[in-house]
Protein chains: 2
Amino acid sequence: MSNIKGICYSDAVFKLIKTSGKARLGTLKTAHGKAETPFFMTIATAGAVKGLLPEEVRELGGQVLLGNTYHLHLRPGEDTVKKAGGLHKFMNWDGPILTDSGGYQVFSLSKIRKLKQDGVEFQSHLDGKKIFLTPEKAIDIQKKLGSDIMMCLDVCPPYPAKRKEVEEAVAYTSDWAVKCKKAKGKSKNLLFAIVQGGMHADLREKSAEELIKIDFDGYAIGGLSVGEPNKLMYKVLDSTVPLLPSNKPRYLMGVGTPEDILNAVERGIDMFDCVLPTRNARHGYLYTSRGVVRIKNEKYKNDMKPLDPDCGCYTCKNFSKAYLRHLVMAGEILGLRLCTLHNVAFYHKLTKDIREAIRENKFEKFKKNVIKYMLKR
Amino acid sequence: MSNIKGICYSDAVFKLIKTSGKARLGTLKTAHGKAETPFFMTIATAGAVKGLLPEEVRELGGQVLLGNTYHLHLRPGEDTVKKAGGLHKFMNWDGPILTDSGGYQVFSLSKIRKLKQDGVEFQSHLDGKKIFLTPEKAIDIQKKLGSDIMMCLDVCPPYPAKRKEVEEAVAYTSDWAVKCKKAKGKSKNLLFAIVQGGMHADLREKSAEELIKIDFDGYAIGGLSVGEPNKLMYKVLDSTVPLLPSNKPRYLMGVGTPEDILNAVERGIDMFDCVLPTRNARHGYLYTSRGVVRIKNEKYKNDMKPLDPDCGCYTCKNFSKAYLRHLVMAGEILGLRLCTLHNVAFYHKLTKDIREAIRENKFEKFKKNVIKYMLKR
């Protein structure tokens, strides 16, 4: 564990404040304010966090929201969002917004897709309409949305995939990254590239090198948490993260569980997003400081204690496990809302604590403690 | 239009403050505080307003919540609620709660039911389990819930119904009312009886007379808004309301549209409940000061103006019609929440305005104006 004192990159976008081992504390500057890293982005796929107001996410410690180019293009359409004055005004959130490029969704949600040199043709999962998404179009949409952090359109191979398929994905991703950077032009929106390469260290290296040569505001690691064993993901991080420039933010896409986040921060990742806290909340799978609570369990029927006695969120301060269980069992909308509120609070509290631990140069100890507690049951 | 000055019944439960025509301004005293009449009760069937926190309902002007004996008995069960310290603590609402007796639900939700002298046997709509609900049991459940205003178990005939069936319903309702009053004993919970009699003026009179003789804290009119034409409902109110004691609160169950409420207040009704504001909100049917807005309509796709420029609710202050439409079209939970918030705000604003109009002795003029606006489109 090392603590590099006095290092402070003056790069406009990312400032490294402190490290604890490889874990990094920093700030990311966007057109809508700064965010302290490592941070977790709450998912607002279609321009709304499922069940929560943007200002509630802010109160829970959320700094950056994540919208999705694919979903917002299909509905309501980027032109409507632009007419509203951008996604920030449309959804009433004045903090930073990162927009995913749509690449992952095209490859995961659309049944029929054709990969071409220029882009990807796919069918809308809503009405089956054929849509041709190019790197230029992906950037155009994200500009219209008013995204603070745009993502390059990439090709995300499934897991497992043949090496040839992964090689192809890396080639497309690099080619499209050039086009995305050109399409970005002089706009102030930040642009991140996505490192692909599946589980192959050499392909990851190739992808990273090619993208770094083009030069982006930040680098994401894509194609992980797609079904591979956790250890494999950590192995890829071990080999890939050191390839990324230390003066740029590093974003691990679609990850993950609280443990995944701790393990990735330990390896030098700065940014995260994941559907887990919100989606799991809707199924009554709740994160607490004393382990996961599956609130539908019969044993909570008459449990009048709060969900997490160490949590200060509205749900934990005002309601019992018995009430939450009742709401979830009865399918009450308020149950979705209260459970989501808690899980989002948990994730933002976790990342806040992570930042504090790095600041105090005791990340490794903190991580061990948290994992010990979280695995308690 | 008359204004009876100086009349102030000192009855512990209900105080009549002022009248404007037959419209009445009053206060209803319960174990959890006073409520000013006429008021509208937001529905919290299973101990939760669909999508809203109790404190949000309070902020919107809500004074009394309505829980349901039938639903709460089935899930989570009155014993669980009692263990929580009652429904108030369970759901975190310290204002008055009225609980419906379950009679209406037994007759509307349960497929198989057998009416017996002692009570009614029905099948749970959740798991088909047979349940026998008696007047005594209905009161016992409501006591365990900690209801401020309990309702007698009644028999609610459908519309249309044969006269014989309505006669039978009136007989059962009176018989069970005696048993409910006895079961109430000396508990401080208020107990209201429900006048039945269908569309027959003479049966309504019989029902009212029998119940008034037993003496209750308030009187409800049940069996209306069950499919009959609106004019018929008003006709029943015209003949029935004058039969009710003027020093007791009068509650029109399950009603209704904003116009129904205005027309019923005009006839001397003090209390209302209805699923319309919450259920309609979930379908994008929104009440505004300028008429109903069906937010799914294509014409709102790019409408960046607020839903109701005269409304001060969070939804109208922070979001556009285009955004609400997008949320509802996309099936976003936040859409249900924001639409519900607005409709509940509308109903409570309406009843607040009604109270002000009565206070200023200009209810009739107010009613005409509101109906004119609301019917504009």
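## Helices 13 and 14 of chain B

In this predicted model, helix 13 (residues 321-329) and helix 14 (residues 333-359) of chain B pack at an angle of about 130°, with their axes 7 Å apart. Angles over 145 degrees would count as roughly antiparallel and those from 65 to 115 as roughly perpendicular; helix 13 of chain B and helix 14 of chain B are therefore oblique to each other. The crossing of helix 13 of chain B with helix 14 of chain B is left-handed.

On the side of helix 13 of chain B, the contact is made by Leu324(B), Leu327(B) and Val328(B). Helix 14 of chain B contributes Leu334(B), Gly335(B), Leu338(B) and Cys339(B). By class, the residues of this contact between helix 13 and helix 14 of chain B comprise 6 nonpolar, 1 polar and no charged.

## The corresponding pair in chain A

Helix 13 of chain A and helix 14 of chain A pack at an angle of about 130°, and their axes are 7 Å apart. This angle makes helix 13 of chain A oblique to helix 14 of chain A. Helix 13 of chain A passes helix 14 of chain A in a left-handed crossing. Leu324(A), Leu327(A) and Val328(A) of helix 13 meet Leu334(A), Gly335(A), Leu338(A) and Cys339(A) of helix 14. The contact of these two helices of chain A has 6 nonpolar, 1 polar and no charged residues.

Helix 13 of chain A is mostly covered, with 8 of its 9 residues buried. The buried residues are Lys321(A), Ala322(A), Tyr323(A), Leu324(A), Arg325(A), His326(A), Leu327(A) and Val328(A). They pack against helix 14 of chain A and also against helix 3 (78-83) and helix 4 (87-91) of chain B. Just after helix 13 of chain A, Gly331(A) adopts a positive phi of about 65°.

## Interface between the chains

Contacts between the chains involve 32 residues of chain A and 32 residues of chain B. On the side of chain A that touches chain B, helix 3 (78-83), helix 4 (87-91), helix 13 (321-329) and helix 14 (333-359) each supply at least two residues. Helix 13 of chain A provides the largest share of that side, 5 residues. The residues of the side of chain A that touches chain B divide into 18 nonpolar, 8 polar and 6 charged.

## Overall form of chain A

Chain A contains 15 helices and 16 strands. Its radius of gyration is 20 Å, close to the 21 Å that the globule rule gives for 377 residues, so chain A is as compact as a globular protein of that length. The C-alpha trace of chain A spans about 60 × 50 × 40 Å along its principal axes.

Of the 377 residues of chain A, 56% count as buried. Among contacts in chain A with a separation of 6 or more, residues 24 or more positions apart account for 66%.

## Backbone features in loops

Chain B has a cis peptide bond between Arg75(B) and Pro76(B), with omega about 10°. Pro76(B) lies in the loop between helix 2 (69-74) and helix 3 of chain B. The peptide bond from Tyr159(B) to Pro160(B) is also cis, with omega near -5°. Pro160(B) belongs to the loop between strand 10 (149-151) and helix 7 (163-184) of chain B.

Ser225(A), a residue other than glycine, has a positive phi near 60°. Ser225(A) lies between strand 12 (218-221) and helix 9 (230-240) of chain A, in a loop. A residue is buried if 20 or more other C-beta atoms lie within 10 Å of its own; Ser225(A), with 20 such atoms, is therefore buried. In chain B, phi of Ser225(B) is near 55°, again a positive value in a residue other than glycine. Ser225(B) is found in the loop between strand 12 (218-221) and helix 9 (230-240) of chain B. Ser225(B) is buried, with 20 other C-beta atoms within 10 Å.

How values were computed: Residues numbered from 1 in each chain as written. Chains lettered and ligands numbered in written order. Predicted model: local features only at pLDDT ≥ 70, side-chain atom pairs only at ≥ 80, totals over all residues. Contact = placed C-beta atoms within 7 Å. Helix = DSSP H or I, 4+ residues; strand = E, 2+ residues; numbered from the N terminus. Nonpolar A, V, L, I, M, F, W, Y, C, P; charged D, E, K, R; others polar. Axes fitted to C-alpha atoms, helices over the stretch in contact; angles between N-to-C directions. Parallel < 35°, antiparallel > 145°, perpendicular 65-115°, else oblique. Left-handed = near helix turned anticlockwise from the far one by under 90°. Rg over C-alpha atoms; globule rule 2.2 N^0.38 Å. Buried ≥ 20, exposed ≤ 12 C-beta atoms within 10 Å, placed from the backbone.
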